[in-house]
Amino acid sequence: DYNDNLVSLQPLSSITSVGTYVLISSTSISQLGLNSLNSVGDNFMITFCRNLTNLNDLSNLQSFGGVLTIWANETLTDFCGLTTAVLNMNKPLDITNNLYNPTLQDFINGDCSL
């Protein structure tokens, strides 16, 4: 569900895997706090997180089983925390309408942030 009061997922910081999909959507969130997350079984989505500037808290993420969707995060410029997962995947990227929108080739070239 959409939650404008959610500012961090830090209480979930010890979670290492999610068997289904992940949807993060909150206009108030400024950090993810998912430092231990290393796998998602299905789609991984981050949308409408207006205060989120980077994805550094996802640097341990190694894989996800579905589509990566990151869109409409108006201040998001740093995707470097997702580099390993993106390079390990064989799934489509749907990264649009953020302040920066890296392609797979950008990740390969090391251009994961503005």
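Predicted model: local features only at pLDDT ≥ 70, side-chain atom pairs only at ≥ 80, totals over all residues.
Colleague: Which residues form the disulfide?
Modeller: A search of the whole structure finds one disulfide. The sulfur atoms of the two partners lie 1.9 Å apart, within the 2.5 Å that a disulfide requires. The partners are C80 and C112.

Colleague: How many residues apart in sequence are the parts that C80 and C112 tie together?
Modeller: C80 sits in the loop between strand 6 (68–71) and helix 1 (83–88), while C112 belongs to the segment after helix 2 (104–108). The pair therefore ties together parts whose separation in sequence is 32 residues.

Colleague: How far from C49 is the nearest cysteine sulfur?
Modeller: C49 counts as buried, at 0% relative accessibility. This residue is in no disulfide, and the nearest cysteine sulfur, which belongs to C80, is at a distance of 18 Å.

Colleague: What is the phi of F48, which is not a glycine?
Modeller: F48 is placed in the loop between strand 4 (44–47) and strand 5 (63–64), and at 37% relative accessibility this residue counts as partly exposed. Although F48 is not a glycine, its phi is positive, at about 55°.

Colleague: Where is A72 placed?
Modeller: A72 has a positive phi of about 65° although this residue is not a glycine. Its place is in the loop between strand 6 and helix 1.

How values were computed: Residues numbered from 1 in each chain as written. Heavy atoms only, no water. Helix = DSSP H or I, 4+ residues; strand = E, 2+ residues; numbered from the N terminus. Buried < 20%, exposed > 50% of the residue type's maximum accessible area, 1.4 Å probe, protein only.
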